Amino acid sequence: MSTNEVIVDGAVVRCIGCGAKVQTENKDEIGYTPQSALKNGLAKGEVYCQRCFRLRHYNEIVPVNLSDDDFLKLLSNISTTDALIVFVVDIFDVNGSMIPGLQRFVGDNQILLVGNKVDVLPSAIKQNKIKDWLRQRANANGIRPIDVELVSAKSNYGVDHLLLKVDKLRKGRSVFVVGVTNVGKSTLINQIIRQSSGIKDLITTSRFPGTTLDQIDIPLDDGQQIVDTPGIIQPQQMAHFLSGKELKLVNPQKRIKPRVYQLNPEQTLFFAGLGRLDYRDGRSKKGFTVYMENNLYIHRTKLENADDFYERHLGDLLTPPSEGSKNSIPSLVSQTFKVEEKSDIVIEGLGWITVPNGISVTAWAPKGVAVLIRPAMI
Ligand SMILES: Nc1nc2c(ncn2[C@@H]2O[C@H](COP(=O)(O)OP(=O)(O)OP(=O)(O)O)[C@@H](O)[C@H]2O)c(=O)[nH]1
Ligand SMILES: [Mg+2]
């Protein structure tokens, strides 16, 4: 830890955007803030470090190194504090959102599970089905939430309802908001701050994983706090393989519109260069419905040509990944599913494909990214 922290009135000064301890000496370390910016910030009562400044004004990320030790320290702090844990997951990347040791880390504290980003869900989807799916995935990871809520931190949908629930469950205790990086924890807390104080976008948020660097304490009316925390890095998140520009092409930006493909057996769909689905055993033409970012490029080809096509066109037609980043994406690995009821094949972080019953499909995703099957949501 740096020794050159800034102390004002006996307290260490932290960047309000990312939680890092502010320092003015080392440009390459977290919390760096030029003297002049520090002075202005202190006068206003809101100091932003240089990295946050760049993220907020230019959408430019400065990579930093955070060690697992820092996260572990923070987590162990949570286990010894009597608090309500709000565990935020991205409903588009549920598997990538899971923290298998969470229940152990939080000790006896209760966990409220919050599925974020419902604004992009297709309108036909039943929210209860999503909640059941979230609860089931949490249970599979040893996490036993006391309740499940769905929100959109971006559009504010469900946030009021969530706040009522949080107030009821916290029983005068503090609230820790935890989750893997990029699920929208800071965006959610910004909504909460906006509702109570009118201040907009206080905490830095960005489409890059690893935005929040240390815990950020926001006071609640009763003297307790709501605490934003840095996201834990889940190496299985698709987001870690992609650049900022690519993330924008993959993360749904608007409500998802289903795209239907009538496929003959032995046909393949490519989802840009990041996923693939082969229609294997089946007798006739069938409808396959794709739920992914509306502008993500989907290419149909014959199964027999698919390998060759991928090899030739990865990085140009099949993009993202771009020509420059295609080598940093793990190669696609396959998994075959015998479909006995109408099902969704979920490629975590990318979306899902609803497939008909009575067939087999082979789904492909970059090695490490989970592919799962579930009963169709729609
Ligand atoms: N569509 C949609 N996007 C969201 C929502 N909430 C957050 N996002 C986006 O998700 C990305 C990550 O948001 P952050 O709030 O920075 O995520 P975080 O969990 O704080 O991330 P770390 O600080 O890295 O742990 C940003 O691009 C947000 O705009 C939401 O409700 N809907
Ligand atoms: Mg954050």
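Which strands does helix 8 lie across, and at what angle does helix 8 run to strand 8? Helix 8 (residues 185-197) lies across strand 3, strand 4 (111-116), strand 6, strand 7 and strand 8 (225-228). Helix 8 runs at about 150 degrees to strand 8.

Some ground rules. This is a predicted model: local features need pLDDT of at least 70, side-chain atom pairs count only at pLDDT 80 or more, and totals for chains, interfaces and linings use all residues. Residues are numbered from 1 along each chain as its sequence is written, while chains are lettered from A and ligands numbered from 1 in the order in which they are written.

Now the terms behind that opening. Helices (H or I, at least four residues) and strands (E, at least two) are DSSP runs, numbered from the N terminus. Axes are lines fitted to C-alpha atoms, for helices over the stretch in contact, and angles run from 0 to 180 degrees between N-to-C directions. Contact puts two C-beta atoms, placed from the backbone, within 7 Å.

Six strands form an open sheet, in the order 5-4-3-6-8-7, with mixed pairing. Strand 5 (147-150) and strand 7 (216-219) are the edges, and each pairs on one side only. Neighbouring strands are turned by 25 degrees against each other on average, direction ignored. Two strands pair if DSSP finds at least two bridges between them. Strand 3 (residues 83-90) and strand 6 (residues 174-178) have five bridges, in the parallel sense. In one of them, Ala83 has Ser174 of strand 6 as its partner.

On to the ligand. Which residues come nearest to ligand 1? They are Gly184, Ser186, Thr205, Thr212 and Gly231, out of 24 residues around ligand 1. The cut-off is a C-beta atom, placed from the backbone, within 6 Å. Helix 8 gives the most to this shell, with three residues. By class, the shell has five nonpolar, 14 polar and five charged residues. Ala, Val, Leu, Ile, Met, Phe, Trp, Tyr, Cys and Pro count as nonpolar, Asp, Glu, Lys and Arg as charged, and the others, Gly among them, as polar.

Domains. The chain is divided into domain 1 (7-58), domain 2 (68-234) and domain 3 (249-375). These bounds come from an automatic or database domain assignment. The C-alpha centres of domain 2 and domain 3 lie 30 Å apart. Their contact takes 12 residues from domain 2 and 13 residues from domain 3. Helix 4 (residues 94-97) gives the most to the domain 2 side, with three residues. That side has six nonpolar, three polar and three charged residues.

Last, the backbone. Why look at these spots? Because most residues other than glycine have a negative phi, and most peptide bonds are trans. The peptide bond from Thr319 to Pro320 is cis, with omega near 0 degrees. Pro320 and Pro321 are also joined by a cis bond, with omega about 5 degrees. Pro320 sits in the loop between helix 10 (303-313) and strand 14 (332-339), and Pro321 is found in the loop between helix 10 and strand 14.

Lys171 has a positive phi, near 45 degrees. Its place is the loop between helix 7 (159-170) and strand 6. Lys171 counts as exposed because it has 9 C-beta neighbours inside 10 Å. Glu266 has a positive phi too, near 70 degrees, in the loop between strand 9 (259-263) and strand 10 (267-271). With 14 other C-beta atoms within 10 Å, Glu266 is partly exposed. The scale, with C-beta atoms placed from the backbone, is 20 or more others within 10 Å for buried, 12 or fewer for exposed, and partly exposed in between.
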